[in-house]
Amino acid sequence: MIDTVTFAAIEDRYTSGAYTKRPLTLVRGEASTVWDDAGNAYLDLTSGQGVALLGHAHPAVARAIAQQASTLITSAEAFYNDRRAQLYEALSGLFQDERRYFLSNSGAEANEAALKVARLLTGRTGIVAAMRGFHGRTLGALGATFNADYRAPFAGWTPAVSHIAFNDLAAAEAAITDQTAAVIVEAVQGEGGVHLADADWLRGLQRICAERGALLIVDEIQSGLGRCGHWFAVQAAGITPDIVTLGKGIAGGVPMGVTAWRAELGTIPAATHGSTFGGNPLSCAAAIAALTALRDLDAPARSNDLGDWLRGEIAALNLPVVRDIRGAGLMIGIELRTRVTPVLQALQSRGILALPAGKTVLRLLPPLVVTREELTFAVARIAEVLRDAR
């Protein structure tokens, strides 16, 4: 067997340099657990960057992929396809209104499509986004992403975007004009620190957009599909956005992005957007299986119950290093009075994989199939690490 150092050396020799990697080679996963090439097990509280909503190697998703792979893997949207049609019907069950859908390969592509759809449907060019927001690294989505470190190398290539303070309705009133095509926000900011959008702010955004003819895009790529205690986190505010974007776990780990807009807005002109692999039968079959499994799990209720319990358990530790605990469902941010990187390293050494959300926030994104026993183990390890954190 090739050892970990050799695997790492091979990747380091050929990789683009775009990623900073942890010294860990993962080779297998099942449910909420992943294993490295030395046979060590880790509780995955990252869900593979939020993708493994159903955990790793979910049996129903694996069966659907295997069956479809031996039937028909690819069929571009120049033709109709049975799996794509079935996925559209499955997606329609998530929404209270009729929608049009564009299928792509990632969350960033879903946001890219949303921005193009908004421009095509409104004839306008203005975009308003929120500070701390993250919407992807493709050029259009990158323009809406707030972090200047991501945008600076591509200055002049990204669209002009007005960034306003999150949860500040007065700022929205001033920024949204009759030239605004779209306002794009997250219902829960993931990379921005796990900050929840205020319900009144979201309702205010919807009102202002309706008054001024702009479209409200809500990015549910990380927060959607049951992660935050509703099928879409924005449902907590009782509103229906003009456009919703989905990605990450929608196809059980197979790449997929979805852009869904109100059908009454109309369709976009032929050839104004496209994707060779978007809506391919393999990903569609995986997505149908994943959505069915999430429904069978009653993902929103399970996430809500476990998330409430988990935040309560962490709060009960009463750790001085913890400044704040926030989140919804199983999307949790623990803001620390110290840098998070050493905490992540210490947790990994104890068999727990977690994520940062900025420099001082520990982000927990467990698979929705995680058990209370697994989370109890995680709380104990978090307590050990944070008691020693300085």
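**Close-up 1. Arg381 and Glu384 within helix H13.** In this predicted model, Arg381 and Glu384 sit three residues apart in helix H13 (residues 372-388), so about one helical turn separates them. Their side chains meet in a salt bridge, with an N to O distance of 2.8 Å. Arg381 is buried, at a relative accessible area of 18%, because buried means under 20%. Glu384 is partly exposed, at 30% relative accessibility.

**Close-up 2. The salt bridge between Arg212 and Glu173.** The side chains of Arg212 and Glu173 come together at 2.7 Å, N to O. Arg212 belongs to helix H9 (residues 199-212) and Glu173 to helix H8 (residues 169-175), so the pair ties together parts that lie 39 residues apart in sequence. Arg212 is partly exposed, with a relative accessible area of 24%. Glu173 is also partly exposed, with a value of 30%.

**Close-up 3. A network of salt bridges.** The structure as a whole holds 16 salt bridges.

**Close-up 4. Glu335 and Arg323 on two strands.** A salt bridge joins Glu335 to Arg323, and their closest N and O atoms are 3.8 Å apart. Glu335 lies in strand E14 (residues 331-336) and Arg323 in strand E13 (residues 322-328), so that the pair, twelve residues apart, links distant parts of the chain. Glu335 counts as buried at 19% relative accessibility, whereas Arg323 is partly exposed, with a relative accessible area of 47%.

Note on methods: Residues are numbered from 1 along each chain as its sequence is written. This is a predicted model: local features need pLDDT of at least 70, side-chain atom pairs count only at pLDDT 80 or more; totals for chains, interfaces and linings use all residues. Side-chain values use heavy atoms; hydrogens and water are left out. A salt bridge is a side-chain nitrogen of Lys or Arg within 4 Å of a carboxyl oxygen of Asp or Glu. Helices (H or I, at least four residues) and strands (E, at least two) are DSSP runs, numbered from the N terminus. Buried means under 20% relative accessible area, exposed over 50%, partly exposed in between (1.4 Å probe, protein chains only).
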